[in-house]
Amino acid sequence: MIRPVYRFGEHRIDLSTRELTRDGTLVVLSPKVFDCLAYLIDQRDRAVGRDELIAAVWGKADVTDTLLGQTVLKARRAVGDDGNEQKAIRTIPRFGYRWIGELALESVDADLRAADAPTAPAAPTEPTEPTEPTEPTEPPAAAAAAAAAAQPAPTSASTRRRARRALAAALALVVALVLAGAFVSIRHRSEPRAGAAAPEPAATPADAAVVLPAAVAADDEWSWLRLGLMDLIAAQLRRGGQPVVPSDNVVALMRGAGGAAAPADAAAAARDATGARYAVVPRIARSGNEWQVRIELRGADGDRRELQEQGRDPIAATRAAADRLLLLLGKAPPAARDDGAEPSLAELQQRTEAALLSDDFATARRLIEAAPEALRGTPEMRLRLGQIEFRSGQLQAARERLDALLAEASAETDPVLRARTLYMQGGIALREDRSEDAERAFAEAIALAKSRSEPGVLGQAYTGLAAAHVNLGRFDEAADDFARARVALALTGDALALARADANEGILDNARGRNAEALPLLQRAAEHFRRFGALNDLALTVAAEIKAHLALLDPAAALGVSE
């Protein structure tokens, strides 16, 4: 049997036997350091994102930057490189790493392995450092998937076990992609119009609106209104039955465009990227103690209509303007909430929402902690604190907070709040490798979301359930979960969540040898990620697309995608 071996300088690496030698002497490496080195070499034609590398080497997402950095440092030292020269492994700022060293591929007959075996060194080849616990050796995800695809059908129990391990390693990317995007949309309640039919999985509802960030003419202390009012208008329209593109999609789109587009161009670009029929362009200005809110509605046919409201409170004035916009769209404004504390709670919600949309977790936490106890203690703010702790990596604090919230929020008293809390609990369980607990939490969240017509929570919970089933080796069930997630998410206009569901299902199909079925899903997801500038997601998806083409014996198409 022929197996590939690479040479670079005085080094030689055999990915099959997991051996690295320097001048014929074996270099002793921990399993994770070898996996890191092997994966970068295997993916040498492109940059590898940090999240992708973590998923490939550790098979999970809750790995610290410090551990990743130490692992890459040891990999560099093993091949005579360092962080200053970067002649073999280059750091890609704010993204990840790439192998840039020159490689020579040679083929070796496996029967010569014993004669060609390197001699063991008398001592370690690098200074002794604290190492991570030894784990069973597994190939990195991409190499494992390629090896599994290239081998004949397993003929023994041991080879079948190896094939299953290779498949599970490849599907670690599925779990990473789920965790990368699953927790952004939890704060958006998507309520479909009564009687609306479910569109195609990749479609936005035909009459959807996309709300742009607000232009703010006021002191810097009011800068939070830019994203806060955007999300407030979107939430109010959604409560009135108007389909709206989720705010995180809009933020991703603006980031992808560099934030440099003029307002008219931004509105057109947002409609084109999301498939929305309307673009909502809000402006707010302060004059003395008064706020003036203007909202322009721009249709795909070029029609423009504008309305305005004013008042002493920017939240109340914006909500009144959003209600007038609903009437303009032929919708009934939602009933006013009878809550004496609501204006203050509404401002706290929108200010923290603006911080979260900007990934500014510290500010979001400070805002909540500085609020009066009556606001801090509301279920909405407690859930938001749990979300902040989760996204900041404080898993134990998030779990304890959500446990207390679950003890109070029953399925009878507040089923929607309970569903969202369970969804986040499932995500924490996934991060902590407690897949059975995650399965139970997601399953209950799904049952509650179904009963309350919450397609956004339903779609995300199905996505999380699929990740749990991947970890448990129940791949057929995971494929069904992804398909159900896409159907639910199609009702929300959440293009990013839909693209992630497509990519997840495509990666899963690839790993199961269903490459022809994987391609359209991966291609559709990649196109959405390009539009939104979601580079980490795009890198994972394009890599999977290339592998699908190669498995289908179409190297020309694979080369075209890689270019």
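This is a predicted model: local features need pLDDT of at least 70, side-chain atom pairs count only at pLDDT 80 or more; totals for chains, interfaces and linings use all residues.
Student: OK. What share of the residues is buried?

Tutor: Buried residues make up 52% of the 563 residues in the protein chain.

Student: And how many helices and strands are there?

Tutor: There are 24 helices and 13 strands.

Student: What share of the contacts comes from residues 24 or more positions apart?

Tutor: They account for 61% of the contacts with a separation of 6 or more.

Student: Switching to rings. How many aromatic pairs does the structure hold?

Tutor: It holds 4 aromatic pairs. One of them is W222 with W224, with ring centres 6.3 Å apart.

Student: Why does the W222 and W224 pair count as tilted?

Tutor: Their planes stand at 35°, so the pair is tilted. Stacked would need planes under 30 degrees apart, and edge-to-face over 60.

Student: Are those two Trp residues, W222 first, buried or exposed?

Tutor: W222 is buried, because its relative accessible area is 15% and the cut-off is under 20%. W224 is buried too, at 10%.

Student: Which residues form a cluster through ring pairs?

Tutor: W222, W224 and W291 are linked that way.

Student: What about Y423 and F442, at what angle are their planes?

Tutor: The angle is 55°, with the ring centres 6.1 Å apart, so this pair is tilted as well.

Student: Which helices do Y423 and F442 sit in?

Tutor: Y423 belongs to helix α17, residues 415–431, and F442 to helix α18, residues 435–451. The pair therefore ties together parts that are 19 residues apart in sequence.

Student: Which residue lies over the face of F390?

Tutor: R431, at 5.3 Å from the ring centre.

Student: Which side chain makes a polar contact with the E389 side chain?

Tutor: That of R365, at 3.4 Å. Setting aside neighbours within four places in sequence, E389 also touches Q394, A397, A398 and R401.

Student: Now T352. Buried or exposed?

Tutor: Buried, at 0% relative accessibility. T352 is in helix α12, residues 342–357.

Student: Which side chain does the side chain of T352 make a polar contact with?

Tutor: The side chain of R384, at 2.8 Å. Beyond neighbours within four places in sequence, the contacts of T352 include A364, L367, I368 and M381.

Student: New topic: sheets. What is the order in the open sheet of 3 strands?

Tutor: The order is β5-β7-β6, with antiparallel pairing.

Student: Why is one side of β5 and of β6 left without a neighbour in the sheet?

Tutor: Because β5 and β6 stand at the edges, each with a single partner strand.

Student: How many bridges join β5 to β7?

Tutor: 2 bridges, between residues 48–49 and residues 96–99. V48 is partnered with Y97, and G49 with G96.

Student: And how many join β6 to β7?

Tutor: 4 bridges, again antiparallel. On that side, T91 has Y97 as its bridge partner.

Student: What do β6 and β7 form?

Tutor: A hairpin, with 3 residues between the strands. R94, in the turn, has a positive phi of about 60°.

Student: Last one. Where is A88 found?

Tutor: In the loop between α3 (65–78) and β6 (89–92). A88 is buried, at 7% relative accessibility.

Student: Which residues is A88 in contact with, leaving aside its neighbours within four places in sequence?

Tutor: V79, D81, R98, W99, I100 and G101. I41 is 47 residues away from A88 along the chain, and their C-alpha atoms are separated by 9.6 Å.

Technical notes: Residues are numbered from 1 along each chain as its sequence is written. Side-chain values use heavy atoms; hydrogens and water are left out. Rings of Phe, Tyr and Trp (its six-membered ring) pair if their centres lie within 6.5 Å; planes under 30 degrees apart count as stacked, over 60 as edge-to-face and the rest as tilted. Buried means under 20% relative accessible area, exposed over 50%, partly exposed in between (1.4 Å probe, protein chains only). A charge sits over a ring if NZ of Lys or CZ of Arg is within 6 Å of the ring centre and within 35 degrees of the ring normal. Contact means heavy atoms within 4.5 Å. A polar contact is a pair of N or O atoms within 3.5 Å; within protein, one must be able to donate a hydrogen and the other to accept it, and residues adjacent in sequence count only if both atoms are side-chain atoms. Two strands pair if DSSP finds at least two bridges between them.
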